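Please keep the sequence and the view open while reading.

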Amino acid sequence: MAVIGLFYGSTDGATAHIAQQVAELFTQRGHTVELFDVAEFYPDAMEEFEYVILGIPTWDIGQLQADWEEVIDDLDELDLRHARIALFGLGDQAGYPLTFVDALAFLADRVEAQGARLVGRWPITGYNFERSWAVKDGDFIGLALDEINQPELTAPRLARWVEVVALEFGIE
Ligand SMILES: Cc1cc2nc3c(=O)[nH]c(=O)nc-3n(C[C@H](O)[C@H](O)[C@H](O)COP(=O)(O)O)c2cc1C
């Protein structure tokens with residue numbers, strides 16, 4: 001049974017809500033999830049976990065969510081060589097088809113630069129957008145969720161992604 005640190009930032013609450021659901025799904029599988037809203041905690045707590053999940057919505061046309069923006073440079077001080085990190089991002093593919101879930105990529109790049117191994121890639125099928133920095137080698141580098149245009153797909157996406165992440169964390 002693993003202990004997972006889940007760090008998220010959320011301006012309007014959607015990402016916070018998803019973070020709760022991700023925690024619940026891992027808890028149902030027998031794991032423990034510690035939740036951190038980055039508005040209240042510095043992300044240096046991330047160093048304490050071998051298994052980490054990060055949640056971020058994209059704001060202001062391709063920008064980091066504001067609380068992540070506040071702490072993003074602090075990530076450059078972290079040693080994450082022992083960590084496996086899975087990311088999920090929220091966005092609006094119809095409203096912002098040229099910057100869909102871009103912030104996912106900006107956050108992923110930072111933690112990967114600190115030595116973290118990224119897990120939990122996700123296929124781009126079933127979405128309708130034009131471009132995204134979060135697509136690398138044909139997949140999203142983490143789970144993309146769209147609570148505005150595809151809320152009905154969130155539960156099945158989460159259920160499948162949590163299985164993928166549990167396997168790639170190597171905790172099941
Ligand atoms: C002003 C504004 C700008 C946004 N820019 C983007 C964007 O560039 N790309 C994207 O995918 N979503 C964008 N969104 C959509 C948000 O990511 C989406 O509403 C998300 O669910 C918000 O998450 P939160 O409630 O956790 O803050 C934007 C939303 C607003 C209101």
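This is a predicted model: local features need pLDDT of at least 70, side-chain atom pairs count only at pLDDT 80 or more; totals for chains, interfaces and linings use all residues.

1. V119 is a residue of strand 6. Apart from residues up to four places away in sequence, V119 touches R84, A86, V165, E168 and F169. V119 and V164 are 45 residues apart along the chain, and 8.5 Å separates their C-alpha atoms.

2. Two of the residues that V119 touches, V165 and F169, are also among the buried residues of helix 4, together with W161, V162 and A166. Where do these buried residues lie around the axis of helix 4? They fall within an arc of 140° when seen down that axis, so they line one face of the helix. An α-helix has 3.6 residues a turn, so residues three or four places apart point the same way. The face turned away from the buried side of helix 4 carries the exposed residues P156, A159, R160 and L167.

3. Helix 4 covers residues 154-169, 16 residues in total. From its first C-alpha to its last, helix 4 reaches 21 Å, which is close to the 22 Å expected at 1.5 Å a residue. G170 follows helix 4 and has a positive phi, near 80°.

4. What do the buried residues of helix 4 pack against? Their partners are helix 1, strand 3, strand 5 (84-90), strand 6 (117-119), strand 7 (122-123) and strand 10 (143-145).

5. The largest nonpolar core has 53 residues, and L87, L104 and L107 are those with the most contacts inside it. Two or more residues each come from strand 1 (3-8), helix 1, strand 3, strand 5, helix 3 (102-113), strand 10 and helix 4. Helix 3 gives the most to this core, with six residues. Leaving out residues up to four places away in sequence, L87 touches L54, L104, L107, A108, G120, I141 and G142.

6. G5 sits in strand 1. With 23 C-beta neighbours inside 10 Å, G5 counts as buried. Beyond its neighbours within four places in sequence, G5 is in contact with E34, F36, A45, M46, E48, F49 and V52. G5 and E168 are 163 residues apart in sequence, and their C-alpha atoms are 16 Å apart in space.

7. Which residues come nearest to the ligand? Of the 23 residues around the ligand, these are D12, A14, T15, P57 and G91. Helix 1 (14-28) and strand 3 (51-59) are the elements that give two or more residues to this shell. Strand 3 supplies the largest share, three residues. By type, the shell divides into nine nonpolar, nine polar and five charged residues.

8. Most residues other than glycine have a negative phi, and most peptide bonds are trans. D60 is partly exposed, with 13 other C-beta atoms within 10 Å. I61 has 10 C-beta neighbours inside 10 Å and counts as exposed.

Conventions
Residues are numbered from 1 along each chain as its sequence is written. A residue is near a molecule or strand if its C-beta atom, placed from the backbone, lies within 6 Å of it. Helices (H or I, at least four residues) and strands (E, at least two) are DSSP runs, numbered from the N terminus. Ala, Val, Leu, Ile, Met, Phe, Trp, Tyr, Cys and Pro count as nonpolar, Asp, Glu, Lys and Arg as charged, and the others, Gly among them, as polar. The expected span of a helix is 1.5 Å times one less than its number of residues. A residue is buried if 20 or more other C-beta atoms lie within 10 Å of its own, exposed if 12 or fewer, and partly exposed in between; C-beta atoms are placed from the backbone. The arc is that of the directions from the helix axis to the C-beta atoms. Two residues are in contact if their C-beta atoms, placed from the backbone, lie within 7 Å. A nonpolar core is a set of buried Ala, Val, Leu, Ile, Met, Phe, Trp, Tyr and Cys residues joined through C-beta atoms within 7 Å.
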